Amino acid sequence: MDTRQLHVNFEGHQIAVLAVNEHLNGSPLVFIPGVMAPVNFWNSCLPNEILEQKCWYSISLPGHHPSVMPEDLKPQTIDEKWLSRLYQTVITELVGDKKVIVIGHSTGGFSALNLAVDQFEQLEGIISIAGFYEGQWGGIEGQLVKLAHLGRWAKPLFIFNLWLGRLFKPVQRFLSGLLAYDRKAYFASPVSTNMLLEIQDNMKEQNLAALFPLFSRIPTLNIGERLSSIKAPTVIMAGTHDPVISAAQSLNLAGAIEHAKLIIFDRVGHMPFMERSEQFQRELLEAVAFVSSTKSQ
């Protein structure tokens with residue numbers, strides 16, 4: 001696996017990128033992690049057929065270490081158009097005019113859908129894993145989003161909650177398990193152990209205040225009325241018991257996007273990578289093949 005790390009400048013942000021196997025031919029895969037995950041989250045979750053045999057990139061969400069955010073960023077700057085512009089800029093900087101398949105988890109899934117709504121011309125297709133079209137969340141991440149959305153006065157309490165969560169590794173492991181429904185499978189999976197080890201250094205270095213702008217804006221994100229404009233081949237992956245993104249959102253996504261393919265993970269929460277590792281890796285490879293073989297409508 002040939003890997004390099006770099007940053008791409010976007011409106012004063014330094015967006016962290018992990019670039020892998022850039023020498024290989026074919027449409028690059030672009031991965032975007034969820035709201036609590038750094039850029040190297042995907043290293044532990046992907047099948048070897050992608051890790052070793054595909055050209056792929058992981059692009060950070062803004063403010064997630066080792067990305068660097070301007071100190072004067074106003075949360076109101078972050079909206080659907082801004083996020084779309086960010087990822088279009090970074091992708092174009094990385095691959096030129098090549099077509100790409102964008103794969104995102106949670107907020108990364110929203111970002112993929114958001115690119116498709118804007119009909120980004122370089123999209124070959126998208127795969128949304130536990131993604132959403134409106135930022136109405138449940139579970140522990142939903143509580144953090146609601147707290148941040150209360151405004152500037154809640155920022156110290158938001159930061160304290162995140163600091164407390166990362167203070168001890170057992171606490172961090174426990175809290176990450178709250179995103180799962182099948183927690184027995186989650187904690188038994190070597191993917192969970194490897195992922196938490198992989199991201200540990202970035203999590204330690206994370207400026208917790210830099211997460212506040214994105215968290216505070218998530219409840220305002222909504223592309224529901226524009227989903228019918230998506231023409232790129234689309235795959236929706238969803239757990240039936242996701243505590244963060246309701247199954248109803250996923251069903252609505254699949255119903256509103258013409259020709260979207262829906263993949264259901266039964267009795268699974270927000271983390272199919274760990275709760276159903278073998279199924280997820282198999283379904284991901286099939287989803288990539290489906291998108292690659294399906295022409296945009």
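Reader: What kind of model is it?
Author: It is a predicted model.

Reader: OK. How many helices and strands does the protein chain have?
Author: The secondary structure comes to 12 helices and 8 strands.

Reader: What is the radius of gyration, and what would a compact globule have?
Author: The protein chain has 17 Å. A compact globule with 297 residues would be near 19 Å, so the value agrees.

Reader: And the box?
Author: Along the principal axes, the C-alpha atoms fill roughly 50 × 45 × 40 Å.

Reader: What share of the residues counts as buried?
Author: 55% of the 297 residues. As for contacts with a separation of 6 or more, 78% come from residues 24 or more positions apart.

Reader: What about the surface?
Author: The accessible surface is about 12600 Å², and 52% of that belongs to carbon and sulfur atoms.

Reader: Let's go to strand E3. Are its faces covered or open?
Author: Both faces are covered. E3 spans residues 29-32. Leu29 and Phe31 are buried on one side, Val30 and Ile32 on the other.

Reader: Which strands does E3 pair with?
Author: One is E4, residues 56-59, parallel over 3 bridges. Another is E5, residues 100-105, also parallel, with 4 bridges.

Reader: What stands opposite Leu29?
Author: Trp56 in E4, and Ile101 in E5.

Reader: Switching to helix H4. Which residues are buried there?
Author: H4 covers residues 139-149, and its buried residues are Glu141, Gly142, Leu144, Val145, Leu147 and Ala148.

Reader: What do they pack against?
Author: Helix H5, at 155-167, and helix H9, at 212-217.

Reader: What follows H4?
Author: Gly151 does, and its phi is positive, near 120°.

Reader: Fine for a glycine. Which residue other than glycine has a positive phi?
Author: Ala130 is one, with phi near 55°. Ala130 sits in the loop between strand E6, at 123-129, and H4.

Reader: Is Ala130 buried or exposed?
Author: Buried, because its relative accessible area is 3% and the cut-off is under 20%.

Reader: Where is the cis peptide bond?
Author: Between His65 and Pro66, with omega about 10°. Pro66 lies in the loop between E4 and helix H2, at 80-95.

Reader: Why bring these cases up?
Author: Because most residues other than glycine have a negative phi, and most peptide bonds are trans.

Reader: Last one. Where is Leu197, and is that residue buried or exposed?
Author: Leu197 is in helix H8, residues 190-205. Leu197 is exposed, because its relative accessible area is 58% and exposed means over 50%.

Reader: How far is Leu197 from Gly239?
Author: They are 25 Å apart, C-alpha to C-alpha, and 42 residues apart in sequence.

Technical notes. Residues are numbered from 1 along each chain as its sequence is written. This is a predicted model: local features need pLDDT of at least 70, side-chain atom pairs count only at pLDDT 80 or more; totals for chains, interfaces and linings use all residues. Side-chain values use heavy atoms; hydrogens and water are left out. Helices (H or I, at least four residues) and strands (E, at least two) are DSSP runs, numbered from the N terminus. The radius of gyration is taken over C-alpha atoms; the globule rule is 2.2 Å times the number of residues to the power 0.38. Buried means under 20% relative accessible area, exposed over 50%, partly exposed in between (1.4 Å probe, protein chains only). Contact means heavy atoms within 4.5 Å. Accessible areas come from the Shrake-Rupley method with a 1.4 Å probe; for residues, only the protein chains shown count as cover. Two strands pair if DSSP finds at least two bridges between them.
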